[in-house]
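I opened this notebook to keep track of what I looked up in the model, beginning with the overall fold and ending with single residues.

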Amino acid sequence: MANILVVDDELGIRDLLSEILNDEGHSVDLAENAGQARSARESANYDLILLDIWMPDTDGVTLLKEWATSGQLTMPVIMMSGHATIETAVEATRIGAFSFLEKPITLQKLLKAVEQGLTPAAPAGAKGKSSGRGGAHAGAGAAAPAAAGGAPASSAPPEPGPLPHQGFDLDRPLREARDGFEKAYFEFHLAREGGSMTRVAEKTGLERTHLYRKLRQLGVDLGRGKRNN
């Protein structure tokens, strides 16, 4: 799990990016302008920042330059804009931006950019074995020999997920029967994919935004199938 700051003056974009990144297991803070972004950066360390270029108080390139000058540009920053010129993107990269996303941002491009932005930090975390994701993996590895030596790791059986074959009451109105089937169908795939909306969307062939709406309409618990990271 990474700590990510999303800076954008559009509420809809902040909410959408936050929802997607939270679903991927990341911790997300939000800022609607440069002032809030400065405060957030001063009070926390982030693994990645998604920064809009055009904002009402201070533009993203100027804020990026401030962080670079003050030594606060210690994390990858992905710039976002729907109206930026090539010159603006080049300038942001020269200052220290990791990459650039053009709006409207597609799901695939967002997840790929975030994955690439977080990848350079992964080897250092794995070697350090002192905190964060690296420490968690180290702890799991240290526990394995003890379990192999005969000490029981855990007596609690894993919680069973939905079965691939289920019976349905067909003596109901068509809409109720269909909703019951669809809810069971999506709950099964959420459990199978560890709660990953990205993989469920790919598996079921639905666009992710439509999938979110469908699950809410059916009353599916989105947190039920999530992995324990």
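**Ground rules.** I am working with a predicted model, in which local features need pLDDT of at least 70 and side-chain atom pairs count only at pLDDT 80 or more, while totals for chains, interfaces and linings use all residues. I number residues from 1 along each chain as its sequence is written, and side-chain values use heavy atoms, with hydrogens and water left out.

**Whole chain.** I looked up the secondary structure of the protein chain and found 10 helices and 5 strands, taken as DSSP runs numbered from the N terminus (helices are H or I of at least four residues, strands are E of at least two). Of its 229 residues, 35% count as buried, where buried means under 20% relative accessible area, exposed over 50% and partly exposed in between, with a 1.4 Å probe and protein chains only. I also looked at contacts (heavy atoms within 4.5 Å): among those between residues at least 6 apart in sequence, 62% join residues at least 24 apart.

**Sheet.** I traced an open sheet of 5 strands in the order E2-E1-E3-E4-E5, with parallel pairing; two strands pair if DSSP finds at least two bridges between them. Strand E2 (27-31) and strand E5 (99-102) are at the edges with a single partner strand each, so one side of each has no neighbour in the sheet. From one strand to the next, the twist averages 20°. Further in, I followed strand E3 (residues 48-52) and strand E4 (residues 77-81), which pair in the parallel sense over 4 bridges, and I noted that Leu51 stands opposite Met79 in E4.

**Cores.** I then listed the largest nonpolar core, which has 21 residues; a nonpolar core is a set of buried Ala, Val, Leu, Ile, Met, Phe, Trp, Tyr and Cys residues joined through side-chain atoms within 4.5 Å. Leu5, Val7, Ile49, Leu51, Leu64, Val77 and Met79 touch the most other members. Strand E1 (3-7), helix H2 (34-43), E3, helix H3 (60-70), E4 and helix H4 (86-95) each give two or more residues to this core, and H3 supplies the largest share, 4 residues. Another core, of 18 residues, lies apart from it and has Val28, Ile78, Leu101 and Leu107 among its members. Beyond its neighbours within four places in sequence, Ile49 is in contact with Leu5, Val7, Arg41, Trp67, Met75, Pro76, Val77 and Ile78.

**Helix pair.** I checked helix H1 (residues 11-23) against helix H10 (residues 208-218): they pack at an angle of about 80°, with their axes 12 Å apart. H1 and H10 are therefore roughly perpendicular to each other. Glu19, Ile20 and Asp23 of H1 meet Arg208, Tyr212 and Arg216 of H10 in this contact.

**Two residues of H8.** I looked up His189, which is found in helix H8 (residues 174-192) and counts as buried at 6% relative accessibility. Leaving aside neighbours within four places in sequence, His189 is in contact with Val200, Lys203 and Thr204. Lys183 also lies in helix H8, but Lys183 is partly exposed, with a relative accessible area of 31%. With neighbours within four places in sequence again left aside, Lys183 is in contact with Leu218, Gly219 and Val220. The C-alpha atoms of Lys183 and Val220 are separated by 6.5 Å, although the two residues are 37 residues apart along the chain.

Technical notes:
Axes fitted to C-alpha atoms, helices over the stretch in contact; angles between N-to-C directions. Parallel < 35°, antiparallel > 145°, perpendicular 65-115°, else oblique.
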